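Take a walk through this protein chain, one site at a time. Keep the sequence and the coordinates side by side as you read.

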Amino acid sequence: MQRFVQSQHVFGIWKPGLWCCLREHARWFAAAAGPPSQKRKLLADGPTLADFLVSTSGDHTGSSVLSKSGTPTRLLERQIDSRRKRPTVGASASVVEALRALDADLAETPPAPYKVFIETYGCAMNTSDSEIVASILAARPDWFQLLNGPSASPDEADVVLINSCAIRDKPEVRVLQRLSMLRAAERGRGQRAPRRILGLLGCMAERLKTRLLDEMPSKRLVDLVVGPDSYRDLPLLLQGLVRTTDLQRFAYHVQLSLEETYADIAPLRDHGLITAYVSIMRGCNNHCAFCVVPQTRGPERSREPASIWNEIESLGNEGFKEVVLLGQNVNSYCYQSDHPYPKVTKFADLLEGVCEIAERHSMRVRYTSPHPKDFPHEVLRLYTRYAPGTLCRQIHVPMQSGSSEVLRRMRRGYTREEYLALVARIRDTVGADVALSTDIISGFCGETEAEHAETISLMEQVRFDQAFMFAYSERERTIAARLYADDIPKEVKLRRLGEIISTQLKISAERARAMVGTEQRVLVEEVVHANERQRLDSEISGKQATPAWIARTESNRRVWIPFSEKHTVEGPGPMHKHRQPCIGDYVEVSITGVSGNRLIGEIVN
Ligand code: 5AD
Ligand code: SF4
């Protein structure tokens, strides 16, 4: 229970005042991008980032909070992580100085914008967040130039931001290794060169808070730590950092929010993409025993539906072919508006609106993840209204375990029997051909061999098309870490995981073979050209190297379509009649075979 008390302390009880303050800051910052006279007025009237910062020269209990009046801000005194006695917003003294200077001459921009490289780890939600970060920074082209595209490299960047994942230990280790590599690369740049800024964003930043900053400056892996709800402050934090070459510099902002959804920010997506991730909500209220997400992403908030529908409409106009709605538990999406009259929008209402727009633009719709404990029947009914070309017949239903006892310990809110009943209801309503995918954890605390066998038997009973399978990794401050011993030896977890994976591989291959001979409408996602080696081989042998198209079925299976001259599609207008398929084309294919897990197809003209 201690955890709930603590999380309330961090982002519940103190929220109203803090949020007003951040709102004010955001308003000030947005307007500061305006003409110089307006900037000066705002600088005179409005709060400054220094109002939100804590000097490192004093202790970290909030007593050294800087404020315009010179008196400590009570608000900031309250932003203390009760466990670590740390404030959640802060910067080193040199950065605070730089920010004060920035206040004085904000109209002056750097001679050249700072080059920023963003690297993303983890789930689709992180990809979506990186697009939001990119959009926030791109709004200041005088200060920041984003390096992106296939040829971009962190080597040429002044600022490298790593958007991280904290869900298991392994991805965290990978991120730490990456940060060490990037930091080590700088040592070769020589002592005189200003050190490149390394920033940690996202879930790991939120989980570790200031821990990475506690190191001695020479050993510090990062200069900046920013949690998932604080991206609006990134430009100002970076502006403060880049203006000082002091090696002691650091800044952080890891305050979680009850309201932030970035609804008004249009994510900056890479050129050439045909699938767009659209975040419909943030955070999670579920507190599954193994999961760190409620701590790293905060409480659940739903984004205003109109902003989501507008974004989908824009994506359709821009030529996107597929949208994936994202949320930790999309089934609990719920937006309550008071204006112009009280109205509640639930996930089924939101999805219906999305499908209406997607249908007009020939876009596919997917969503992830719904929670098995509360799958609304109204959502399933939408599958009887919208064609598979709009609402894809593929649903992710994370089961985690096949044992009711383990599910109880995991606090998942359903039993094995209830899970099976849901699968039957989905297949009855959506159709027997619906593709189901799942997440499974092996070796959760106290899992017996018999309970593990129940997981294998549930997999065999349901016959998922795809599964994401993990060995349990204990996460600090989760319910499981507090209540249970992580008592399954690593080798047992891995052996069980191996059994789960081989069961799934067998089922996936069988389900793939059952698709041979069927016709599928697929979306071309990639054109694989012959690689250099193949090209060289073909020059020597005189034979043409065979490139291929890679496409995706409505059930989310990848199809490999070997290239052939005779495969053409109808393009728009007489000039493009009978052209070769391109990325973003829908084509009908006949499934001719299976290679391992991969479907092989041939275009049906
Ligand atoms: N250990 C292993 N797997 C986990 N997941 C979440 N937390 C953990 C953990 N501590 C898995 C769950 C979840 C998916 C996103 O990651 O299966 O559904
Ligand atoms: Fe984690 Fe459970 Fe929330 Fe999913 S529903 S993010 S597993 S707490």
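R183 is found in helix α7, which covers residues 169-187. Helices here are DSSP runs of H or I with at least four residues, strands are E runs of at least two, and both are numbered from the N terminus. R183 counts as buried, at 2% relative accessibility. Buried means under 20% relative accessible area, exposed means over 50%, and partly exposed lies in between, with a 1.4 Å probe and protein chains only.

This is a predicted model, in which local features need pLDDT of at least 70, side-chain atom pairs count only at pLDDT 80 or more, and totals for chains, interfaces and linings use all residues. Residues are numbered from 1 along each chain as its sequence is written, chains are lettered from A and ligands numbered from 1 in the order in which they are written, and side-chain values use heavy atoms, with hydrogens and water left out.

What does R183 touch, leaving aside its neighbours within four places in sequence? R183 is in contact with R195, R196, L198, R220, L221, V222 and D223. Contact means heavy atoms within 4.5 Å. V222 is 39 residues from R183 along the chain, yet their C-alpha atoms are separated by 8.3 Å.

Now step back to the whole chain. Its secondary structure comes to 19 helices and 24 strands. Of its 605 residues, 56% are buried. Take the contacts with a separation of 6 or more: 75% of them join residues 24 or more positions apart. The accessible surface is about 26200 Å², and carbon and sulfur atoms hold 54% of that. Such areas come from the Shrake-Rupley method with a 1.4 Å probe; for residues, only the protein chains shown count as cover.

Next, a helix pair. Two packed helices are described by the angle between their axes and the distance between the axes. Helix α6 spans residues 124-138 and helix α9 spans residues 234-242; their axes come within 9 Å and cross at roughly 65 degrees. Axes are lines fitted to C-alpha atoms, for helices over the stretch in contact, and angles run from 0 to 180 degrees between N-to-C directions. The crossing of α6 past α9 is right-handed. That term applies if the near helix is turned clockwise from the far one by less than a right angle, and left-handed if anticlockwise. Which residues meet there? From α6 come V133, I136 and L137; from α9 come L234, P235 and L238. By class, this contact has six nonpolar, no polar and no charged residues. Ala, Val, Leu, Ile, Met, Phe, Trp, Tyr, Cys and Pro count as nonpolar, Asp, Glu, Lys and Arg as charged, and the others, Gly among them, as polar.

T261 sits in the loop between β9 (251-253) and β10 (275-279). Is T261 buried or exposed? At 13% relative accessibility, T261 counts as buried. Beyond four places in sequence, T261 touches R282, R301, S302 and R303. E300 is 39 residues away in sequence and 9.8 Å away in space, C-alpha to C-alpha.

Ligand 2 comes next. The residues around ligand 2 are C284, N286, H287, C288, F290, C291, V293, P294, Q328, H371 and R412. A residue belongs here if one of its heavy atoms lies within 4 Å of the ligand. By class, this shell has six nonpolar, four polar and one charged residues.

Turn to the backbone. A cis peptide bond joins H339 and P340, with omega at about 0 degrees. P340 lies in the loop between β14 (334-337) and β15 (343-346). Another cis peptide bond joins T368 and S369, where omega is about -5 degrees. S369 lies in the loop between β16 (364-368) and α13 (377-385).

S362 is not a glycine, but its phi is about 50 degrees. S362 sits in the loop between α12 (347-360) and β16. It is partly exposed, with a relative accessible area of 42%. Q400 is not a glycine either, and its positive phi is about 70 degrees. Q400 belongs to the loop between β17 (394-396) and α14 (404-410). At 6% relative accessibility, Q400 counts as buried.

R552 counts as buried, at 16% relative accessibility. Not counting residues up to four places away in sequence, R552 touches R364, R366, R521, V522, L523, E525, R557 and R558. V524 is 28 residues from R552 along the chain, and their C-alpha atoms are separated by 6.6 Å.
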